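Q: I would like to learn how to read helix packing, sheets and interfaces from a model. Can we go through them one by one?

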Amino acid sequence: MAELSVQEIIKPENLVYQKTKLMTDKALSYCPGCGHGTAHRITMEVIEELGKENDTIGIAPVGCSVLAYEFMNVDMQEASHGRAPAVATAIKRLWPNKVVFSYQGDGDLAAIGTAETIHACNRGEKIVMIFINNGIYGMTGGQMAPTTMIGMKTSTSPFGRDVALHGHPLKITELVAQLPGTRFVTRHSVHTPSAARKTKRAIKKAFEAQIAGEQGTAFIEIVSNCNSGWKMTPIDSNNWMADNMFPYYPLGDIKVDGKLIEK
Amino acid sequence: MGELKLMKGNEALAEAAIRAGADGYFGYPITPQSEVIEYLMAEKPWERTGMVVLQAESEVASINMLYGGGGTGKKVMTSSSSPGISLMQEGISYLAGAEIPCVVANVVRGGPGLGDIQPSQSDYFQAVKGGGHGDYRLPTLAPSSVQEMSDFVPVAFDLAFKYRTPVLIVSDGLIGQMMEKVELFDPIPRWTDEEIVEMHPWATNGKPKGGERRIMTSLYLDPHVLEEHNYKLQRKYAEITKNEVRYELLDAEDADYLFVAYGSSSRIAQKSVRLAREKGIKVGLLRIITLWPFASEIINEFTEKGIKGFLSVEMSAGQMVEDIRLAVNGRTKVEHFGRLGGVIHSPEEVLEALEQKLIGG
């Protein structure tokens, strides 16, 4: 069999995969091994597949993904710490036919922004909230997050998270699922190709509901790794996440079409 | 002649928002301005003009709703009173940094802390010296009547969009709560979405087909880039200072002394001028309308003409008086008189202060 030349390989008809045009060419600021890049990409792929490139407004948080607007090639707003759901609320109410999503980390969504998260979900704002839970404050150098696991060492829990001192890891996703305003609440991961595909399907379902004008908020948690903050190799961090975080933050749908899933 | 109504200042502000073609109001109740959102919720402007009204979970959420809405090119507004405005300061700084137009009204009450719910002017520093973090300024309009609570709303929106900046309206509990006759201006139609897209190409309301995405941010990690951004903001503030100073003079032509006052205090000082003139004291009033940019130039002119002194009349311990002193720069006497903590001074007290601090002093 004759070998294909490079020119032949890169012909459009031979293309099996390409980066979505809704990711910019800017090099990601995330650490190698981090799940943010995958979460960004599948989110943007969904927007592209739904043909909403020109009708989407995304809200970036404060945290590791503070620069999400550098990578996501749609109109973006950079919110102050924790306020993305309030920002998104106003945009969606003022532009009901546009597609609006927030992309937030655990400190942003579940600590400083808890009030905005709960109330946007409780009002049933017709937005998609994508929540990256890596159990640590990556950008500021590895401090404890509201979702940090018990016993986990961070720079502000140097002897491990102690319930008596720091309280419990917050299951904000279960909490918002209890609110009548949420329609679709689900928890996923992006640490394997199949997990990323499942997560992408969930994100697509969430955006499709918004585009269809269905009532209620869509809330997607992605349990993710922080290999640098956890001081592990990427592979070790993914294994640690599966062994330690998934039992506490179980993957799967929590609420679908406004109904809590019986477990 | 526009429609005449007897209204509270807060109600006039709310009605003016609808008539100014506002697209959204986001607010949280606080005395003495809760009538603003009460009026809007009862009036249902979503049926009249399509305007969105939402009671937010906090002032923090309200101001960030303005960030979201203003960042898409819509006309958005909030109102609150002193403690609530303090909560908004972080958001206001972000709005200034990201150059997002919006209108924020402060119906000032006594402070510090929870203070009281009586009229005060002790938030002047917060309004004109920053309030939030960073090098920024806010055009600040100070209505002195229910009429101006209405009239200044479209002015504020015009300034906000002309300069892409948050604009403050600073009144107080007296103007917010009192009822006066107001002539309402004719409604200005809301911009259509198409008009917004056309007029505000910077706004993030969906990437233009075949165009570049837009970003609303106040983050510039490279210090040299941030410095450039800050210089750009400063050039804008210089432009506003050049073009947008507003004030009013009363009995000032032959005056030996001038009261300088804004808002409720200027109404009281008007009476003090009459009382003084009856006694043969030549005093006039410089009524400040824009707290920032400040009327430094006219104060300089009066100083050059040899005015004997200025008395700043404020319901505070003396805040605006510092800006008068900066403009005067030691060339003539500048004194302050004011009651604190929500106590309103009488016209007689103001005149007495003039006599004691400037004429006799």
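**Reading packing, sheets and contacts**

A: H1(B) and H2(B) are oblique to each other, and that follows from the angle between them. The model is a predicted one. Helix H1 (residues 9–19) of chain B packs against helix H2 (residues 35–43) of chain B at about 50°, and their axes are 8 Å apart.

Q: Which hand does the crossing of H1(B) and H2(B) have?

A: The crossing of H1(B) past H2(B) is right-handed.

Q: Which residues of H1(B) and H2(B) meet?

A: On the H1(B) side they are Asn10(B), Glu11(B), Leu13(B), Ala14(B), Glu15(B) and Ile18(B). On the H2(B) side they are Glu35(B), Val36(B), Tyr39(B), Leu40(B) and Glu43(B). By class, this contact has 6 nonpolar, 1 polar and 4 charged residues.

Q: Next, sheets. What is the strand order in the open sheet of 9 strands?

A: Strands of a sheet pair through backbone hydrogen bonds, and the pairing is either parallel or antiparallel. In the present case the order is E10(A)-E9(A)-E7(A)-E8(A)-E4(A)-E3(A)-E1(A)-E2(A)-E9(B), and the pairing is mixed.

Q: Which strands stand at the edges of that sheet?

A: Strand E10 (259–260) of chain A and E9 of chain B do. Each has a single partner strand, so one side of each is left without a neighbour in the sheet.

Q: In which sense, parallel or antiparallel, do E2(A) and strand E9 of chain B pair?

A: E2(A) pairs with strand E9 (residues 215–216) of chain B in the parallel sense, over 2 bridges. Within this pair, Gln77(A) stands opposite Met216(B).

Q: How do E1(A) and E3(A) pair, parallel or antiparallel?

A: E1(A) and strand E3 (residues 99–105) of chain A are parallel, with 4 bridges. Thr56(A) is placed opposite Val99(A) in E3(A).

Q: Where is antiparallel pairing found in chain A?

A: One case is E7(A) with strand E9 (residues 252–256) of chain A, which pair over 3 bridges. There, Thr186(A) stands opposite Asp253(A). E9(A) also pairs with E10(A) in the antiparallel sense, over 2 bridges. The bridge partner of Val256(A) in E10(A) is Lys259(A).

Q: How many residues lie between E9(A) and E10(A) in their hairpin?

A: There are 2 residues between the strands. Asp257(A), in the turn, has a positive phi of about 50°.

Q: Which strands of chain A does helix H9 of chain A lie across?

A: Helix H9 (residues 193–211) of chain A lies across E3, strand E4 (128–133), strand E7 (182–189) and strand E8 (217–223) of chain A. H9(A) runs at about 165° to E7(A).

Q: What is the order of the open sheet of 7 strands in chain B?

A: The order is E3-E2-E4-E5-E7-E6-E13 (chain B), again with mixed pairing. Strand E3 (52–55) and strand E13 (290–292) of chain B are the edge strands, each pairing on one side only. Strand E2 (residues 24–27) of chain B pairs with E3(B) in the parallel sense over 4 bridges, and Phe26(B) stands opposite Leu54(B).

Q: Which helix packs on this sheet, touching E2, E3 and strand E4 of chain B?

A: H4(A) does, touching E2, E3 and strand E4 (76–80) of chain B. The direction of H4(A) makes about 150° with that of E2(B).

Q: Now the interface. How many residues of chain A and chain B are in contact?

A: The size of an interface is often given as the accessible area lost when the parts come together. Here it is described by residue contacts: 29 residues of chain A are in contact with 34 residues of chain B. Strand E1 (56–60), strand E2 (75–78), helix H4 (84–94) and helix H6 (114–123) of chain A each supply at least two residues to the chain A side. H4(A) gives the most, with 8 residues. By class, the chain A side has 14 nonpolar, 7 polar and 8 charged residues.

Q: What does the domain assignment of chain B give?

A: The assignment gives domain 1 (3–194) and domain 2 (247–359) in chain B. Their centres, taken over C-alpha atoms, are 27 Å apart. The contact takes 25 residues from domain 1 of chain B and 20 residues from domain 2 of chain B.

Definitions and conventions. Residues are numbered from 1 along each chain as its sequence is written. Chains are lettered from A and ligands numbered from 1 in the order in which they are written. This is a predicted model: local features need pLDDT of at least 70, side-chain atom pairs count only at pLDDT 80 or more; totals for chains, interfaces and linings use all residues. Domain bounds come from an automatic or database domain assignment. Two residues are in contact if their C-beta atoms, placed from the backbone, lie within 7 Å. Axes are lines fitted to C-alpha atoms, for helices over the stretch in contact, and angles run from 0 to 180 degrees between N-to-C directions. Angles under 35 degrees count as roughly parallel, over 145 as roughly antiparallel, 65 to 115 as roughly perpendicular and the rest as oblique. A crossing is left-handed if the near helix is turned anticlockwise from the far one by less than a right angle, and right-handed if clockwise. Ala, Val, Leu, Ile, Met, Phe, Trp, Tyr, Cys and Pro count as nonpolar, Asp, Glu, Lys and Arg as charged, and the others, Gly among them, as polar. Two strands pair if DSSP finds at least two bridges between them.
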